[in-house]
Amino acid sequence: MSEKLLTIGYSTLADRLENIILPKLDLPHEIFISIQNPGKIEFELPTNFKFNSVTATEKGVAKSRNIVLSSTETKYLLFADDENTFRGDNIKSAISYLEKHPKCDLVLAQAVDTTGALRKAYPKRVKKLTKFNSAKAATYEMIVRVDSAKSKGVAFDEKFGAGADNYLGDEYIFIADLIDKGGAGVFLPLTIAIHPLVSSGSRWGSDADLRARAEVFQRVFGDRAPLIRIAFYLKNLRKFGGLRNLVRFSIGKF
C-alpha cells in the first residue's frame, strides 16, 4: 500500500490542539485537522508533524466532522478527536478489508479505554450494520469510503453531536443515513482506537439525556420512533432509572 489511501481527520478546539497524539501507523496516510475557535483565541499550529487544516469560528462537532469529510481527498477517512489514540496494525487490517470489499462503504471497529478494557459490548464476529445495531457507534471507530459518502450525499446532521442541543447520536445518524441511501457497512472485531471511558454518549439519567436520545430516534425512524423508543427504554431500564419516564420518552415530549 504505497499510495496514500487513508486520511486521519481530527476534530478539535483551538485550545486542545496540543492534545493530539499521532498514531504509529505503518501505512502511508494524510493528517487533516478541523480546528474550531469560537472564542477567536490566539493559538499555535503544531510544528512536529505535517498536516492540512481548516479553522472555523463555528462550534459543534458535527460541523467540524463535515469539514473533515468534505476536505478529504484520499479513498478512506478515519475520524478522530484530540482524546484518542490509535492502533496502527488493526487500522491497516481494516483498510485491507475495504480494499477487498469494494461494496462496503463503512467499517465500524471497536475501541478500548485507557485501562485496555473494551469500552462497551461488541459483537464477536463480522456483522452487517443495520439501523438496529449501530446506535452505539463512536466516530473514532468509523472508517468511511469517502467517494461513496460524498456521492450519496451523506454527511453529519449538524443538529446533533457535542456542541449542539442534541449532544449525541451524530455518528448513528450518519450510519443510518448511509444505509437509507443504499450504502453498506460492517462491524469488524478489530480494536483500532483507545479513548477515555467517559464521553457524551455515555451520559444517562437527566431530562436532557432523555430528550436528546428521543430526538435521535425520531430523526432515524420517523413515524416508527415511538415503538423503537419503547423497546430501547425497556432494554436500558436500569440506566434510565425505572419506568417513571417511559411515557415521556416514548412519545418524545418533555
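Start with the surface view: the chain exposes about 12,800 Å², and carbon and sulfur atoms supply 51% of that. Keep in mind that you're looking at a predicted model. Of its 254 residues, 50% count as buried.

Now switch to cartoon. You'll find eight helices and nine strands. The radius of gyration is 18 Å, close to the 18 Å that the globule rule gives for 254 residues, so the chain is as compact as a globular protein of that length. Among contacts with a separation of 6 or more, 68% come from residues 24 or more positions apart.

Next, colour the aromatic rings. A search of the whole structure finds 14 aromatic pairs. Select F79 and F156 to see one of them: an edge-to-face pair, 5.2 Å centre to centre, with 90 degrees between the planes. F79 sits in strand β4 and F156 in the loop between α3 and α4, so this pair ties together parts that are 77 residues apart in sequence.

Then pick Y172 and F217. Their ring centres are 6.3 Å apart and their planes at 70 degrees, so this pair is edge-to-face. Y172 belongs to helix α4 and F217 to helix α5, so parts 45 residues apart in sequence are tied together here. Both Y172 and F217 are buried.

Definitions and conventions. Residues are numbered from 1 along each chain as its sequence is written. This is a predicted model: local features need pLDDT of at least 70, side-chain atom pairs count only at pLDDT 80 or more; totals for chains, interfaces and linings use all residues. Side-chain values use heavy atoms; hydrogens and water are left out. Helices (H or I, at least four residues) and strands (E, at least two) are DSSP runs, numbered from the N terminus. The radius of gyration is taken over C-alpha atoms; the globule rule is 2.2 Å times the number of residues to the power 0.38. Buried means under 20% relative accessible area, exposed over 50%, partly exposed in between (1.4 Å probe, protein chains only). Contact means heavy atoms within 4.5 Å. Accessible areas come from the Shrake-Rupley method with a 1.4 Å probe; for residues, only the protein chains shown count as cover. Rings of Phe, Tyr and Trp (its six-membered ring) pair if their centres lie within 6.5 Å; planes under 30 degrees apart count as stacked, over 60 as edge-to-face and the rest as tilted.
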